[in-house]
Amino acid sequence: MKTFTITIAIATTLLLLSCGNKTQQQASAPSPPALKVMELKKQNITVFNTYATTLQGKQNVEIWPKVSGFVQHIYVEEGQKVKKGQLLFKLETQTLTQDAEAAKAAVNVSQVEVDKLVPLVEKGIISNIQLETAKAQLQQAKSNYQSISANIGYSNILSPVDGYIGGIPYKEGALVSATMAEPLTMVSDISQVRAYFSMNEKELLEMKKQMVSENGAVTSDVAPEVELVMINGETYPQKGKIAMVNNLINGTTGSVTLRADFENPNTLLTSGSTGKIKIPSTFENVWVIPQFATVDLQGTKMVYVLKDGDSVSTKPLNIVAQTDTDFIISDGFDQGTTIVSEGVSKLRDGQTISPIQ
């Protein structure tokens, strides 16, 4: 009887210990992580592609002397605004003036000779050949005089365009010529600036899709307006327009050059400056997924899709574009698909979560 009582006690103890272990295991089992989720909805979005650019004035005209001479007078200052036809420099022309006087005298002598021979030919005293020879000499003398007179005119150097004067390396008294190392100055017309930039072949193809006119031709007339981010990080207040696309792709770099024009009424932009061009691209009926909601598996971006029973599974993304914060997806999802939007780096396929909307 005593033995039976001890056996019952041991069995009861083992049963209690077993129940306690099960209760402890149930208490220590981790609950599914509570993670935020988001429902995907199609939307339209505009993104900007950015390209480094260099600005140039509408016209940058180097001013070179056409004749040699000493700089006699400079009529402008560096940075000064000038008008087309305005006098900029005057070169010393004393030697040319003397040459012109001698050439003029030669013209007079030749004219006298022709005038003397005309009546003699008319009377048959001399042959017509002598008169024609004299006329040829007269024409040559006139040509020489006109050439020297033109060179004297070239000593007055005028601005060929409206614009702003650049540096003036040669001062009064300097000897200048058309063969010197650098020009007298440069006149820059910056009423409009041209922003040159490059993109690769794939980017060019995508942009051309936005430049198709109603008749199917690719033209800059329907190109999207672009923005200019200046060197200080501020966006230029006026938008520009794609004005030129060089259809010849550089075989070495695989890139092509484009140009966007910007009006510059307040001369805020300067020729030679740098900045960034922002070109918009509009995507319609796409999915926009935050980059922080994705994981990278062997170079492929993926998201965790919420399934029935609150389990998750990975799905690769077909990315067509991206912003600084989002990926743009064109297909691969159904309307209303829910993805995990936080804590994705610690998830695994098939794991159950507690979704938080």
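**Strand pairing in a predicted chain**

Modeller: This is a predicted model. The accessible surface of the chain is about 21600 Å², and carbon and sulfur atoms account for 51% of that.

Biologist: How many helices and strands does the chain have?

Modeller: There are four helices and 20 strands.

Biologist: And what share of the residues counts as buried?

Modeller: Of the 357 residues, 33% are buried.

Biologist: Let's take strand 10. Is it mostly covered or mostly open?

Modeller: Strand 10, residues 225-230, is mostly covered, with five of its six residues buried.

Biologist: Which strands does strand 10 pair with?

Modeller: One partner is strand 11, residues 240-245, in the antiparallel sense over two bridges. There, Val226 faces Gly240. Strand 10 also pairs with strand 13, residues 274-290, again antiparallel, over four bridges. Leu228 has Ile277 of strand 13 as its bridge partner.

Biologist: What about strand 2 and strand 13, how many bridges there?

Modeller: Eleven, in the antiparallel sense; strand 2 covers residues 43-63. Thr53 stands opposite Gly275 of strand 13.

Biologist: And strand 2 with strand 9, which sense is that, parallel or antiparallel?

Modeller: Antiparallel, over nine bridges, with strand 9 running through residues 185-200. Gln59 has Asp189 of strand 9 as its bridge partner.

Biologist: Different topic: contacts. Of those between residues at least 6 apart in sequence, what percentage joins residues at least 24 apart?

Modeller: That comes to 73% for this chain.

Terms used: Residues numbered from 1 in each chain as written. Predicted model: local features only at pLDDT ≥ 70, side-chain atom pairs only at ≥ 80, totals over all residues. Heavy atoms only, no water. Buried < 20%, exposed > 50% of the residue type's maximum accessible area, 1.4 Å probe, protein only. Pairing = 2+ DSSP bridges. Contact = heavy atoms within 4.5 Å. Areas by Shrake-Rupley, 256 points an atom, 1.4 Å probe, with all protein chains shown as cover.
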